[in-house]
Amino acid sequence: MLPFLVLLLFNALLAYATDYEERLLLRPLPRSALLASFQFRSNESSTSFEQQNFRYFPRSLGQILQHAHTKELHLRFSVGRWDAESWGQRQWNGAREGGTGVELWAWIEADDEEQAFSRWLTLTNTLSGLFCASLNFIDATKTIRPVMTFSPEGDHPNPSKLHLLHGTLPHEVVCTENLTPFLKLLPCKGKAGVSSLLDGHKLFDASWQTMSIDVRPVCEENGDCSLEMEQSVDMVLDIDRSKRPRDNPIPRPLPIEDIECDTSKYYNGHDTCFPLDKQADPAWTLTEVFGRPLRGACPLTDTEGPNSHTVCINTPPERTVNANTTGQYEEHRYASDTMRCYKLPTGSDIDLELPEQQMTTGLVLGTPPLYAARAINGHGQERGSVQAVIRNPSTSTAVDFVYLEALPWFMKPYLHTLRAQVTGSSENPIKETYYRPAVDRRRGTHIELKLTIPAGATLTITYDFDKAILRYTEYPPDANRGFDVAPAVIRVLNPQSSDRRGAYLRTTSLLLPLPTPDFSMPYNVIILTSTVMALGFGNIFNLLVRRFVGADEVPSIGGGLIGILKAKVQRIRGRFSR
Amino acid sequence: MALLATLLALRKDARILKIPPYLSAFCIIVGVVWLLILPLNEYSRNTYVSENALLPGQVHTYFTGSEHNVFRAYRQEVAALAGSSVDQRSKRLSEIFQSNNLKVATQKYSYQASGRNISNENVYAVLQGPRADATEAVVMMAAWRNMAGDINHSGVALVLSLARYFKRWSLWSKDVIFLIPGDSTTGSQAWVDAYHDSHSPDTIEPLSIKSGALQGAVAVDYPAGPWGHRYDKLHIMYDGVNGQLPNLDLFNTAVSIASGQMGIGCTLQRMWKHDDSYQERLQTMLRGMISQGLGHATGPHSSFIPYHVDAITLQTVGDGWHDEMSLGRTVESLFRSLNNLLEHLHQSFFFYLLLQANRFVSIGTYLPSAMLIAMNFSITSIALWVLSGRSITTPPNPASTSNKDKQEKEKADVTVVKKDSAVAIVPTKSLETVERRLSLPLTFVAISHFLGLLPLYLFNNTHESYLDPIFYAILGLTGILPFATAAILQSFRRPTPQESNLIQCFSLLLLGMFLSALATLNFSLSFLVGILTTPLTFIRGTKNKIFAIIGSVILAILNPVVVIRAAVFFFGMDLRQVLVQAAEGWHVWGLWTQVVVWLVWWPAWFAGSVVVSGGLFS
């Protein structure tokens, strides 16, 4: 229960609506992993937003939203996968993470679907420029209009005119070029505050990381509306790997003296060492793990009250945490001491240091509502089947959820082969189905299923599909390892999530190998045929335009100028005589 | 037009029917000679790494120092498990993987083959690549027991210590799966079947953890005990089930890393000594062909290849000065190369014959030899078809100078053929057409093919202890059956010469078709079966007892069952072991060599034998 309390508290801390606030939550996870969750929130009143009077809300993004008539925006950049078995419940119940690659969905104000789609294209193209990502590749084939999976988080005055569009780029590799524009949107721009810890090298070396941008309108009961932008970066770092210095990143074998050997083994000796599993929590400091120091508080955040406690560590109370700084800092404890928050000094660096410590109490990890895994079965170039296995770990409550699958058009599922089976029950768990079939080269398949999974049961969804054969120009120009299929999105409906964000989880993306021609072969063929054509053309051209005569048939004409003149005359004569 | 008319006229010429046997013989001779010249420098090529992304041997390897101490400890741990139960073993191996922060799962499997129950458990761990998105994976494995049945002490220990070492690197762009199958062939088969969800769920457990599409697999076979053993060379095994081969790039990468970067010599097909002479190249190639033709699994890697996962096994051989760390570094470098792959291995050859570690023959060069041999059957078959449509006595050649008087007598027996304004005088006999009686030949050929199902069923579904008697029973039965069949048919005055021609015609037609199709899938099997059935082209139904006896004896020797017995004797193997392996192959690996033997080779032999031995009873 503890982590839920902590999460609730953490959310409650953030609920104070001030114009700009930021927070970093650190939580050590098992197997020397560390969850770092950054959150930045800025508000702008809707009147000043409309008058283009931007203070904390970034102007670049604000203007894009106005231009594309976007009322609510969610953008995700993710790498890696969340290991639910070891790390437990997802941060923010999965509401602030995306599938591998880039995921974008938005509510766009438009009169009809056509206009909504053209505004959606405007939005993806401009965001593409802003975030240095290939978002412009989200075209009609990659866009879907989900019906059950997403619901707006904000307060919208006229929801009837809003259109929800959703697109994913599972193959997009998220890297530092996406982080830089992300940091530029922050008021402190990574120079101070918790964002000063965000370093591309460490962020993209994480086992899992996701960056998100969420823009939504929030209205008070008295009718005051404002536009809220939440930026978050969640990552799970491998402490051992992150602690390695940047100038020596190679994990060379440690000297034997530095390895703790199990001396109780009978074979233990100078050349034989069974490495002991370290039971103690590893030592780490912020600077080591993030590769740079925390440069004090961002001056734009509150200096008083709970919003000024920007760095929080969620550890058992016995864990030693030392703060090293030359400036003034404050430590506050919440949730029966399992949450320690720090008010950062302004203008001076601060470092948190956790020594190696043998722990007696572990941190309780929340159980996620569902576990999901998805894989392609079968082999060969013609067909395959997809199998998604979803498990409900709860012993008491059934879970209702929506399963969204957006498939590319060249993966052609057979709906009649769609089976959903719950272990130990013959009842059909599918409550509702929404299906929009693919149209070749125009749009992909869109399946949404509403399902129920009883307590402790495992649900298996399978369906067969055919692989289409693409035209050779439809293959991407780069190395072809297969096509990525976007992760399935699962939204947990019941038990309901405590806030409007909802609870989500996503499967990993899939690799769909399609029959691929050997592209070097047509190249060779083209070269060969061109050569043959050139040879043939040359010969035929010669035969057509030249006149071949035997050497003895040519009338002997003397050399010199007279000879040339004579030859000319003869030629002219020959032409007339024809 | 004139040429066409000449050709059409030639078709009627009796001499044309004399050509096919010579043509067939020519095809066979060229086919065999073709194969024999392949080891020459002019017809083979040096291997080269075709996929640029692999960059073999371009990275520093760091698997040294204290890793060696850890490796020795793990080897002790493995040795301590030697006598323990499967459950205990799996538990301890899982613990070691888990202590290195890897996700571990186990898989139980059991197979039934020739009354034996093969059951064991696989242990595997998944290292989720920090740069990976769960779409691709590579497999490193060491079977608990190698092909010889020895415990793979150092191999398993090496996988355990490399798992620990790999976990520290952040550069993996694919998941790395560390697999310890319970035994060399069935364990990896169960695992890879379950990975692609094509297993039978009653006896094989599904995998609880999966990763992405498999891009490659490398198995390590190093059975040195807890005190180690320094080896001389790496023996690279690459044959897959049913003669499928991994992409040549994987093999080349392994050779290039081992010999180029680590200085370890590489060898293949059990050629422990290879001085690159013609004989040794030829011997390597023939050994490779026999191994490919048999289509059996040669190591834990074999089961992966039918799933289009390129795989090899590295086996340590001999006494030398290379230690476990150099093998570890070879594997490390090999996985670094595989990690570089942007695409599935596709650049290089999938069909090749290797002559030594860095010399090969590609399919375009070797395929004609098996095709020529398959073609000889088709040629004979067509010739027999034409022959069966002719009347038996051929008219004497009017241009012939001998037998003048006889010719005078028969002079009247001609017909005048008129067409448009042309008039021709043709011997009446050559205008006669003979009706082909197809019912007996077709029925006979169909029945003989169906008869092949019987031994196929018996060998694959008999208890181990009855396999020997069954084999000898079938040996005796197939020895007698052609004579018995011929005797029975002769008692009905069948088959007529035309019918025996047609029986041979259909039988050879099918043989030629099957073998040429097979040559594109399993060249070696097609070639071997083709060579062993060549006499079928030349034997004919004859009234001459001496020819019939000679033909029958030759065919009795080339009886598939006799050939199998002789091969088993020649290679010094145990017959029962071979039959058990074959049955295991049928039930576990999906081997179809038996299908070729019993449904292609045996029926062709049977039809030929019946036709020949018909002469004995006429």
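Contact here means heavy atoms within 4.5 Å, and angles between axes run from 0 to 180 degrees between N-to-C directions. With that in hand, welcome to this structure, which is a predicted model.

## A sheet in chain B and the helices across it

Let us start with chain B, where eight strands form an open sheet with mixed pairing, in the order β2-β3-β5-β4-β6-β9-β7-β8. At the edges stand β2 (103-113) and β8 (265-267) of chain B, each with a single partner strand, so one side of each has no neighbour in the sheet. From one strand to the next, the twist averages 25 degrees.

Within this sheet, strand β4 (residues 136-141) and strand β5 (residues 175-180) of chain B pair in the parallel sense over five bridges.

| Helix of chain B | Strands of chain B it lies across | Angle |
|---|---|---|
| α6 (residues 186-195) | β2, β3 (116-127), β4, β5 and β6 (213-221) | about 115 degrees to β2(B) |
| α9 (residues 324-340) | β4, β5, β6, β7 (231-237) and β9 (311-322) | about 150 degrees to β9(B) |

## Where the two chains meet

Next comes the interface. In chain A, 45 residues are in contact with 44 residues of chain B. The size of an interface is often given as the accessible area lost when the parts come together. Here chain A and chain B bury about 3,700 Å² between them, with 50% of it on carbon and sulfur atoms. Of the area that chain A buries against chain B, 17% comes from A:Arg31, A:Arg81 and A:Arg481, more than from any other three residues.

Side chains of opposite charge can pair when their charged atoms come close. Seven salt bridges are found across the interface of chain A and chain B. In a salt bridge of 3.7 Å, N to O, the side chain of B:Arg72 meets that of A:Asp271. There are also 18 residue pairs in polar contact between chain A and chain B, counting pairs with both residues at pLDDT 80 or more. On the side of chain A that touches chain B, α4 (84-87), β15 (371-377) and β26 (510-512) of chain A each supply at least two residues. By class, that side of chain A has 18 nonpolar, 13 polar and 14 charged residues.

Chain A has an open sheet of three strands, with antiparallel pairing and the order β9-β14-β11. Its edges are β9 (284-285) and β11 (322-325) of chain A; each has a single partner strand, so one side of each is left without a neighbour in the sheet. Four bridges link β11(A) with strand β14 (residues 350-354) of chain A, and the two run antiparallel. Here A:Asn324 stands opposite A:Asp351 in β14(A).

## Loops of chain A

Over all chains, the count of salt bridges comes to 49. One of them joins A:Asp155 and A:Arg500, whose closest N and O atoms are 2.5 Å apart. A:Asp155 lies in the loop between β5 (143-144) and β6 (162-169) of chain A, and A:Arg500 in the loop between β24 and β25 of chain A, so this pair ties together parts that are 345 residues apart in sequence.

Most residues other than glycine have a negative phi, and most peptide bonds are trans. Which peptide bond is cis, with omega near 10 degrees? The bond from A:Asn494 to A:Pro495. A:Pro495 is in the loop between β24 (489-494) and β25 (503-506) of chain A. A:His69, which is not a glycine, has a positive phi of about 50 degrees. A:His69 sits in the loop between α3 (59-67) and β3 (70-80) of chain A.

Key. Residues are numbered from 1 along each chain as its sequence is written. Chains are lettered from A and ligands numbered from 1 in the order in which they are written. This is a predicted model: local features need pLDDT of at least 70, side-chain atom pairs count only at pLDDT 80 or more; totals for chains, interfaces and linings use all residues. Side-chain values use heavy atoms; hydrogens and water are left out. Buried area is the accessible area (1.4 Å probe) that two parts lose on being put together, summed over both. A salt bridge is a side-chain nitrogen of Lys or Arg within 4 Å of a carboxyl oxygen of Asp or Glu. A polar contact is a pair of N or O atoms within 3.5 Å; within protein, one must be able to donate a hydrogen and the other to accept it, and residues adjacent in sequence count only if both atoms are side-chain atoms. Ala, Val, Leu, Ile, Met, Phe, Trp, Tyr, Cys and Pro count as nonpolar, Asp, Glu, Lys and Arg as charged, and the others, Gly among them, as polar. Two strands pair if DSSP finds at least two bridges between them.
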